[in-house]
Amino acid sequence: MNYILLRKNMVDNQLIRRGIKNEELINAFLSVKRHLFVDKDLEDLAYEDYPLFIGYNQTISQPYIIALMIEKLEIKKSDSVLEIGTGSGYQTAIISKLAKEVYTVELNEVLYSLAKDRLANLGYKNIYTKLGDGYEGWKEKAPFNKIIVSCSPSELPEKLFEQLAKYGKMIIPLDALFFQKLYLYTKNDTIDKEFICDCRFVPMTRKK
Ligand code: SAH
């Protein structure tokens, strides 16, 4: 398989054609090897236009939804970013190319340790992983300039809001169990909420 070509096709057909413009983001998608974030038997499908199972009822998100969420956050090189739901670590790797540092929290112990090892083996240096409940955020490392939530909570997690810096942005799927709406919140003097699109994410579960 020519993975370089598959990445180029993914970027052209799934991202640019649908309106993704941010050049740094496009370069990140060209360089991060998505096939290394899925099981061996799924490697050849890694660049397709859909999510893939990564075990434990979880998925690696579709490339386009990751690109859309990150583009909307307008991540800067000086930004500290909090990610809830590390999953495979793929989205974490993409964000790490754009931000100063990424703090990522995962609830599932096995996925957490797989992603942690994978990201370390691939040489990502500005990523910090934590096993924990995303509803709590990562208080010690707050405030964050940007927050990205890649699982869907039943209600807006207040603690994440508290950990968002002034003028910070948070993107999060909300509203329903199976299909959700993706919202972009901006913390100005008031809190602005913008509807982005309909979407489908796995639920954000509570720590047992
Ligand atoms: N963006 C990821 C996909 C994540 S799927 C990727 O690129 O692979 C959503 C992840 O959220 C799953 O791994 C799931 O275990 C995790 N999750 C669910 N509830 C959570 C919670 N309360 N706190 C942290 N992570 C949670």
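Q: How far is a backbone N or O atom of Gly134 from a nitrogen atom of the ligand?
A: The distance is 2.7 Å, inside the cut-off for a polar contact (a pair of N or O atoms within 3.5 Å). This is a predicted model, where local features need pLDDT of at least 70 and side-chain atom pairs count only at pLDDT 80 or more, while totals for chains, interfaces and linings use all residues. Residues are numbered from 1 along each chain as its sequence is written, and side-chain values use heavy atoms, with hydrogens and water left out.

Q: How many residues surround the ligand?
A: The number is 26, and the closest are Ser88, Glu106, Asp133, Gly134 and Thr205. A residue counts as near if one of its heavy atoms lies within 4 Å.

Q: What about the side chains of Ser88 and Glu106?
A: An N or O atom in the Ser88 side chain is 2.7 Å from an oxygen atom of the ligand. For the Glu106 side chain, the distance to a ligand oxygen atom is 2.5 Å.

Q: New topic. How many aromatic pairs are there?
A: The structure has nine. Rings of Phe, Tyr and Trp (its six-membered ring) pair if their centres lie within 6.5 Å; planes under 30 degrees apart are stacked, over 60 edge-to-face and the rest tilted. Tyr3 and Tyr47 make a tilted pair, 6.0 Å centre to centre with 45° between the planes.

Q: Why does that pair tie together parts that are 44 residues apart in sequence?
A: Because Tyr3 is in helix α1 (residues 3–15), whereas Tyr47 is in the loop between α2 (23–31) and β1 (52–55).

Q: Is the peptide bond from Ala142 to Pro143 cis or trans?
A: That bond is cis, with omega near 0°. Pro143 lies in the loop between β5 (127–131) and β6 (144–149).

How values were computed
A polar contact is a pair of N or O atoms within 3.5 Å; within protein, one must be able to donate a hydrogen and the other to accept it, and residues adjacent in sequence count only if both atoms are side-chain atoms. Helices (H or I, at least four residues) and strands (E, at least two) are DSSP runs, numbered from the N terminus.
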